[in-house]
Structures are given as C-alpha cells and as structure tokens.
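The following paragraphs lead through one structure, element by element. Please keep the sequence and the model in view while reading.

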Amino acid sequence: MKGHESKMARMEDILSLPVQDPPYTEFSAAHINWVKVEGGRQGGDDIALIPFSRVEDFVKGESSNADCPANFRVESRRKRPEGSLNKPRVDGYLEYTLYWCSYGPEDYRDIEPQIGENTSTKPSSGKGSRPGRRHMMRGCICHFTVKRLYTRPQLALIIYNQRSHVDKSGAPCHGILDQESVGTRAMYAPRISEELRQKVMSLLHVGISLDAIVQHHMEEVQRHGGPHSRDDFLTRNDVRNMERLIRNSPHELHLDDRCSVKMWVQRHHKHVFYFQESCGCEGFVLGVQTDWQLQQMLRYGHGGFIASHLVSGSKKFKHTLCSLLAFDSSQNAIPVAWIISSSSIGQNIHKWIPSLVERIRGKDTRWRPNAVLVDDPSFEASILREAFQCRVLLCLWHVRRGWLKGLLKYCNNFDVQREMFKQLGRILYCTRNGSSVADAVEEFVQIFVDQYAFIEYFRSKWLSKIELWVNCVRTLPVAPQETIASIESYHLRLKSKVLSQDSDQRVDFLIHALTSQFHSFYWFEQYTVETGYFENLRDRFSLTNPWNQATHIPDIDVLLDEENLQLAKVVSQADNNVAYTIWNPGSEFTLCDCSWSMVGNMCKHVIKVAIFCRSRQIARPLLSAQVYRQTLVNLLQNLPEDPLVLEHAISHVTRLEQDIKSLEDLSNSGLLQPLSSIDQQNYRILK
C-alpha cells in the first residue's frame, strides 16, 4: 500500500508542509501523505516532515513491510555543528543520514561460485564487500534520506528517493512479490530483529543456556504454525555469535575512564538521551534509557508514579547514580532510566529533564504521570512540575531506612528503639506545632540523652541536612508508605547486583553493569510473567516486594484494638500460631518485630496495617497529611490575590472539610484521640 501523494512542491516551500506524527508506535510510508518535489537535486522525489524524535519509529515501520520485509542500514551519515552555517539553505541539515535496503545496492544473484571457490570471499569493492554480506545482495535500490533541518532541529525531512523494493530493471528482487525468492530466506528480512536480539541477549545475561534458548525458540515457532519471518529462522550459530559477543565485550573500551565512556556513548547513541562531558566548571552527566526502558516508562508511567532513587557517596563508586522508577501491575519498581553525574543530581536536573521528557513526548504526546516522587530535598520541584505537568511528592525512604538502620546498630533495647523512631518522625514534622528544627532536635537529645552512640551518629550524619528535609516536608506532600517498600526492594537488588561489585570506581563499569545483566534481570522477570515461560526459574529472579505481598494478606489476619491504637498485630501467613506486633500503626515511622523489619527494611506487615487503617479510618492521618492540610488551612486564612492560586485553594476546601469532619466524628465516637484545639479551630473556620 502506498502513502497518499499531493501535488508538486518546490524545495523552498518545505517549511510550509504539515508536520506529520502518526498515532502509532511504529509507522511506515503508507501512513504518511507524501509531496513530490519540483525541480532541484531532489526533483521527483517524495518528501514529508516528521518530528525528528520519531525517525527511528519510521525506520522500524518501513522495515516491517509485509510484502518486502527488510532491514534499512545506514549507508552514510554526516553531521555539522550548530552555528557552522551563516546562511543555511531551507533544506540545510544538522544531521544527514542515508538509509538503504540491506538487499542492495549490489547484485550477486547471478554470480555462481566456481569449483573450489570460497563463497565467503570478499568482493573486490563496494559497500557489500564485508564478509557474510554477499549472499544478501540482490540489487535492491530502495533507499531514503533523512535530514535533521538546520533551521528547525526538532524536525526531520524525509526524502524518499526510491520507495519500491526493485532492482535496476524495475522488477521485484526480494519478498513475496519476487518469484525467485519464494521458499528462500529472501522472502524475509535479512537479519533478525532488534527485539529478538534483545530477547536472546537478555536470556544469555541471566544465565539461560544456549541449548535452552534454541529449544525455547523452536517451540515458539511451532506454536504459531511454522516460520513467518526472519526471526523464526534463528539458529544455534546466531545464538552462539551473541554469546561470544557478550563474552568478548569488556567494559573497559579504553584505559582512560573518560575516553572509555565517550566511546560507549558513540556506540550506543540510541540509548543516550543526554551527555555532557566533564569540562572546566561543567560536571559529567550521562542519561541512559534503552528502548525497553522507554516502552516501560510509556506503559507504566502514564497515569502512574515515576520515582527517583538516588545513590551517592558509595564506597564502590564516586559518582552519583539516579534511577528513575516506574511501578508495574505487581507494584514492582522497574528502572526506566539512569542518570550518572559527577555532582549533585539536583544541581543539573534542569539540563537532562527536558531531554528525557522530549524523548517520551516524542513517542506519545498525551503521556503524563500522576505524580513524580523525589527522594532528595535538593531536587527543584518546580522544574519537575513544569516538565511532567503533574504534582511532585516527597519520598522519605532514605530518611526512614537510614534512621532505622542507625537505631538497630547503636541501640540494643527494642522498646527504646521504637520510641526513638517515633520521636524522630516528629522532628520531620515539627513545623506543624510551630516548633523550630533546632528546638525539636534539642528536645529529642534531652529525652534520649543516655543513647550517646546514636546521638553522635545522628549529629554527624543527619544534623547538617535535617533542616533541608524539614523544609521539604513542609512544602511538599509526602508519598504513601507502599512506594517506600518497592523502592527499598529495588535498592537491595541494585546494591547486591551492581554496587557491591569491585569496579575501581570506573564509570564505564557502572554503565556496563546497569545496561547488561542488571537490565536483563528486569526484562526476564516481565517476560516470564507475561508469557509463562521459564516458570521454574522465576524464584531466582523474583521481584516480589512487601507492597505486593501485603495485598495477599486477608483483612481478617489484621488484629487491631480500636480502644488502643498504639499497636496492631498481623497473623503470619506461614504459621497461623505466630503474630507480629506493629507499633505506631498507620504512621510513616511504624515498627514491626518481624525478622525482615529488624534488619532495617519496610515489611509487608507494616504496609498491610497502613492500608487497613487508611481504608477503615481507624487511625489518625499520616503526619504528612496533617502538615499538608495545615498548609491549606493557612492558605485559606490568607487568601491570595492571584486568581489561579485562589482557584487551586478553593478546589481543596471541600475535601479538607470532609476530612476534618470525619476526624471529629471518629473522635466523638472514641475511636481517636480528641482533636487538638488547633484542629477544632481550623474546622470552625471552614464551617
């Protein structure tokens, strides 16, 4: 099927052409309205404008032609820097790429090897002179050019020089329209697809044997009725070549780490959405996102949460690693992008965030997350809010995990641990009672003056940044506890698979570890869930997290005394005779006595009780919710003049009134402590 064609146009008028962005993940020439060029070097060629971010989608779509499956290779590529032209032509380019069908342009169909001749001998010249290419050359002249326009870099001009897969005589030379190709591999694309290559490489990375991969592939082909594409002809030799490629691909591409990273970026430019070399006052920044990660971000990020996971100051790596996470249907945190920086991620977020968002919106202009969760108070919430067009929440997993680990290490009394944990939470929310950070910290120190070891740990590690966290809690709503559990699970896997390895602090090793085996673990887990294959290996790669585990605990196993809301119990799912105790239920600083919680982790029992209390409204709101409501009440007491801000405030009044009214009803029924005088005063204001 050919795309629609319009009347002739002059090359000088190309900027007046409409920019076409078909609403498909991949699209081809059939989805585009083409315009023929009048005169000039491109006279008679078909042209169209598309967003530059969608060039790869067009190339993939063209390669999936049903009549003539093919791979389009880059035959030549040229680039020029911005500012290099004083008077650029209307079709002047920043980047020029010529794509040619892999079945041409040379034609070796009529060359029969003589007796004793090696069929793999290199031809004397030409683009097809590389070993292994000769048998594929069938004289196809189908090719097109892509220009990234100099004057409008966000656009790509496609110049289709020859749209039919034919040879010089005009006859079909491969695919189902070529009679000579029927029954041969020339009916199909000349190489396996990138999707199959990613699949095989991932299976090899996670330890699936060559024989198991080949057997699995053969079963799949038989299941859908025999070969229908080049991918169905995957051989042991194909898998063996990829296995050899993995084995012979060291992370050190150069002795110098900076040169090695630069070489990796050049080889994997499709997976890099931002790169800044370290130069002078500018620090090193690298943003990486594979095609699979991009798909997951589009799939799970739209209407869901996108969370940041920050690791800095590691003993193994001197750089800061920021993982952007999306949450799948089982509440597992999946890495959808990585940002590596030599400085604070928060300081350079304004550089790489626009590039990432442009990459996502280039695929789907309607994509928008429900909220972005930040785990570092240095992040500029306004930049994230503007870029993603959604609310920004603060995730306290760093603080909660750090404080709990410190308590378990420096305090041996469990009763004291849980009380200190509760008091530490009050420091974060001290502004609700009108206290200063210094006063709240001093009060904590006075109460637990005998816990000298922990006090020293707190002063050395947290005192310098506690005010920054408190200010962030005061200005941003806090993310629910469930997300903490999933992010912690990701943290533990990252630590065991990547951060614990000996790397000599090289960045190229970190990049290699993330994009090879670590990336493959997540791909494999999703593949087994969606297809049901390799079920016997799922336990080795299971991504189960406390959030998901909590959803399988029935409500009947939660034992909560509504007369004493200081603790709750959850019956063990493994042994009904065992029940775990949860202190301070419903709070962000809940503590459980199960073995998983006692090593500093968020457990499923804490999550289950939090969900239970929230659904039944039998515990006071989270401290974060109280602070957020207090902020709204203060806003209502001092109404702004800006109509937009005023409209935002009014939109929350109804919900705020209902929440406070429900608190008063629960308090009057004896299910909660009496409302404070502040709450009662605020409720009267609303009424």
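The model is a predicted one, in which local features need pLDDT of at least 70 and side-chain atom pairs count only at pLDDT 80 or more, while totals for chains, interfaces and linings use all residues. Residues are numbered from 1 along each chain as its sequence is written, and side-chain values use heavy atoms, with hydrogens and water left out. Helices (H or I, at least four residues) and strands (E, at least two) are DSSP runs, numbered from the N terminus. Axes are lines fitted to C-alpha atoms, for helices over the stretch in contact, and angles run from 0 to 180 degrees between N-to-C directions.

Two strands are said to pair if DSSP finds at least two bridges between them. Strand β17, residues 579–583, pairs with β18 in the antiparallel sense over 2 bridges. Within this pairing, Ile582 has Cys592 of β18 as its bridge partner. The loop between β17 and β18 contains Asn584, a residue with a positive phi of about 55° although it is not a glycine.

The protein chain as a whole holds 21 helices and 18 strands. Of its 687 residues, 51% are buried; buried means under 20% relative accessible area, exposed means over 50%, and partly exposed lies in between (1.4 Å probe, protein chains only). Contact means heavy atoms within 4.5 Å. Among the contacts in the chain with a separation of 6 or more, 67% are made by residues 24 or more positions apart.

Helix α1, residues 55–63, is mostly covered, since 7 of its 9 residues are buried. The buried residues in α1 are Val55, Asp57, Phe58, Val59, Gly61, Glu62 and Ser63.

Attention now turns to a group of strands. Strand β5, residues 93–101, contains Glu95. Glu95 and Arg78 are 17 residues apart in sequence, and their C-alpha atoms are 5.8 Å apart in space. Leaving aside residues up to four places away in sequence, Glu95 touches Phe52, Arg78, Lys79, Val146, Lys147 and Arg148. Strands β5 and β6 pair in the antiparallel sense over 7 bridges, and Tyr93 stands opposite Leu149 in β6. The loop between β5 and β6 (143–149) contains Pro105. The peptide bond from Gly104 to Pro105 is cis, with omega near 5°.

Strand β6 is itself mostly covered, with 6 of its 7 residues buried. It also pairs with strand β7, residues 155–162, in the antiparallel sense over 6 bridges. In this pairing, His143 stands opposite Gln162 in β7. Together β6 and β7 form a hairpin with 5 residues between them.

Is Thr320 buried or exposed? Thr320 is buried because its relative accessible area is 10%. Apart from residues up to four places away in sequence, Thr320 touches Leu310, Val311, Ser312, Ile339, Ile340, Ser341, Ser343 and Ile345. The loop between β11 and β12 (333–341) holds Gln331, which has a positive phi of about 65° although it is not a glycine. Gln331 counts as buried because its relative accessibility is 17%.

Two packed helices are described by the angle between their axes and the distance between the axes. The axes of helix α11 (residues 437–447) and helix α12 (residues 452–461) come within 10 Å and cross at roughly 160°. The two helices are therefore roughly antiparallel to each other; angles under 35 degrees count as roughly parallel, over 145 as roughly antiparallel, 65 to 115 as roughly perpendicular and the rest as oblique. In this contact, Val441, Phe444 and Val445 of α11 meet Phe454, Ile455, Phe458 and Arg459 of α12. By class, the contact has 6 nonpolar, no polar and 1 charged residues. Here Ala, Val, Leu, Ile, Met, Phe, Trp, Tyr, Cys and Pro count as nonpolar, Asp, Glu, Lys and Arg as charged, and the others, Gly among them, as polar.
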